[in-house]
Amino acid sequence: MFSTDFDQNTTLFLQTLGDQSDLNQKHVYLAGLERVGVFYLLGEFDDEKLNRSLDYMNRLNVRVLNERDLEIEATTPLLCLADSTFRDPTLAVSSLYKGQCVFFMEGVPFAYSLQLSKHLQRSLEESTTERVIRGPRASFLEDASTNISLIRQFGEDENLITAKHNITHYKKTKTVYYMYNKEKTPSSTITEVEQRLKSINHPNIEDSGKMESFLDNSPIYSPFPQIQSTDRIDRILAGFEEGRVAVFVNGSPFVFMVPTTFEQQMQAPDDYYERWMVSSVIRILRYIALFITMFVAPIYIALVSFHQGLIPNELSMTIMNSRMNIPFPAVGEVILMTLFIELLREASIRLPNPLGQTIGLVGGVVIGQAVVEANLVSSIMVIVIAITAIASFAVPLYSLSMSFRILSICSITLASTLGLYGVAIYFIAVTIHLSSLHNYGVHYFSFKFSLKRHGIYDLIVRLPTVLKDKRGV
């Protein structure tokens, strides 16, 4: 415990802290206060704030401070910017690691904790995961408080409520905020979010992605994301209007929204910024692209391997000529090309942007042409896999696209063993599974939020909402 001896306090603090090369300390002499010791970590404090605080203490009426009861000073400190005081050196060290500045004064038996940290963050940028042709460009940052202030700035809604929760594991604390519209969000949803946040006991949560399994209702047996993650401000604001809860994790630029439905994840932000006819056609194209991703390659395998009689004669001759001298069966071609496409996709993501684009172009064109000329894969199979890969990019949510790409491997396996019968069984099984999913009291296949926001004018097809406004429904 700290005492009134300044030298003893600083020695005890440094012994508790241990050897830290990034520790900075200043010893200054102020009028009437004798020695003052300031401890902070390298790059974790703001010079302007520190100088302003020292100037305040230099002009402080020393008699007021000396005559002030120390117990009162410990609970309500007079020092400018002081957040709290600590008698325990362990707590003082913990505050130092949280970016605060530890302050000692001669004759005072405790340490001050001052919020002099300098928040380092990047400027507002355009979303890199959910790009739009027309619409807002600003996206979230890694600082949760900044993200919440952006919501306040663009939302301007007095009904938005922000709550805070600290996830503590041993000596580590992670701050989580959740936000909702008090008039439109059901109390049952808010209660369930609070309970699930309280059940989290994890040592390291660097990003919101680590929290997904704790907030998800079926994190083990379902590949489909039931929690919508976004870094777009307009998506969160639209979610509040639908009665959903947003979860902000300090250190992550991605915000969770719960609950979510399947059709919401098939919608893009600019669906509401373009004309209704254009948006409706694009939405239908996304569902077609989803079917292509899942079933075009399996159907091709089933027709070529088991149901040749269903293929028209002209097309059958074309397929036969293209597969001449191919040493692999159709399923082998699909597996080979799918593996190549996934490796190419992963490599393009991990490499720097200019190099990643080059690898994608060279790999897709040069290697694709090479495998056809080497008679390892037929040209029709290259077309089928290319269409499948392109269709998978049409799904707005990356995690949902990944789920269907993984499931397509299962449908390829069934098609290669049972033919079209296996494809039909797999389609029914996936549909039943999606229908059985539910989270926070909302079924995954429910149109609850679309009906709640725009009624029948915003389901699979987005009709002009001006009709709804004119009819007053």
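Predicted model: local features only at pLDDT ≥ 70, side-chain atom pairs only at ≥ 80, totals over all residues.

Student: Okay, rings to begin with. How many aromatic pairs are there?

Tutor: The count comes to 11 aromatic pairs. In one of them, the ring centres of F140 and F248 lie 6.1 Å apart with the planes at 90 degrees, so this pair is edge-to-face. F140 sits in the loop between β5 (111-114) and α6 (144-155), whereas F248 belongs to strand β9 (residues 245-249), and the pair links parts of the chain that are 108 residues apart.

Student: Are F140 and F248 buried or exposed?

Tutor: Both F140 and F248 are buried.

Student: And what about F262 and Y444, what angle do their planes make?

Tutor: The planes of F262 and Y444 stand at 65 degrees, with the ring centres 6.1 Å apart, and because an angle over 60 degrees counts as edge-to-face, that is the name this pair gets. F262 lies in helix α10 (residues 262-265) and Y444 in the loop between β12 (442-443) and α18 (448-454), so the pair ties together parts that are 182 residues apart in sequence. F262 counts as buried at 9% relative accessibility, and Y444 is buried too, with a relative accessible area of 1%.

Student: Which residues are in the aromatic cluster with them?

Tutor: F262 and Y444 form one aromatic cluster together with F224, F404 and F445.

Student: Switching to charges: how many salt bridges are there?

Tutor: The count is 12 salt bridges. One of them joins the side chains of E130 and R235, with 2.5 Å from N to O.

Student: What about E126 and R131, how far apart are their closest N and O atoms?

Tutor: The closest N and O atoms of E126 and R131 are 3.8 Å apart, and the two residues form a salt bridge. E126 counts as partly exposed at 33% relative accessibility, while R131 is exposed, with a relative accessible area of 56%. E126 and R131 are also linked with R137 in a network of salt bridges.

Student: Now the surface. Which residues form the nonpolar patch?

Tutor: The patch is made of V281, I284, L285, I288, F447, I460 and V461, which together have about 530 Å² of accessible area. Among them, I288 is found in helix α11 (residues 276-305), and at 43% relative accessibility I288 counts as partly exposed.

Student: Which residues does the "transmembrane region" annotation cover?

Tutor: According to the unreviewed UniProt entry, that annotation covers residues 284-306, 326-343, 355-372, 378-399 and 406-429. In the model, the span 326-343 is 78% helix and 0% strand, and its end C-alpha atoms lie 22 Å apart. For residues 378-399, the end C-alpha atoms lie 31 Å apart, and the span is 73% helix and 0% strand.

Student: Last topic, the backbone. Which peptide bond is cis?

Tutor: The peptide bond from V258 to P259 is cis, with omega near -10 degrees, and P259 is placed in the loop between β10 (255-258) and α10.

Student: What is the phi of N325, then, and of Y440?

Tutor: N325 has a positive phi of about 70 degrees although it is not a glycine, and N325 counts as exposed at 62% relative accessibility. Y440 has a positive phi of about 55 degrees, again without being a glycine, but Y440 is buried, with a relative accessible area of 4%.

Student: And what lies over the face of Y440?

Tutor: R196 does, at 4.4 Å from the ring centre.

Technical notes. Residues numbered from 1 in each chain as written. Heavy atoms only, no water. Phe/Tyr/Trp six-rings, centres within 6.5 Å; stacked < 30°, edge-to-face > 60°. Helix = DSSP H or I, 4+ residues; strand = E, 2+ residues; numbered from the N terminus. Buried < 20%, exposed > 50% of the residue type's maximum accessible area, 1.4 Å probe, protein only. Lys NZ or Arg CZ within 6 Å of the ring centre and 35° of its normal. Patch = residues over 30% accessible without salt bridge, like charges linked within 9 Å, V, L, I, M, F, W, Y side chains within 5 Å. Areas by Shrake-Rupley, 256 points an atom, 1.4 Å probe, with all protein chains shown as cover. Salt bridge = Lys/Arg side-chain N within 4 Å of Asp/Glu carboxyl O. UniProt positions renumbered as here; feature names shortened; annotations may be inferred.
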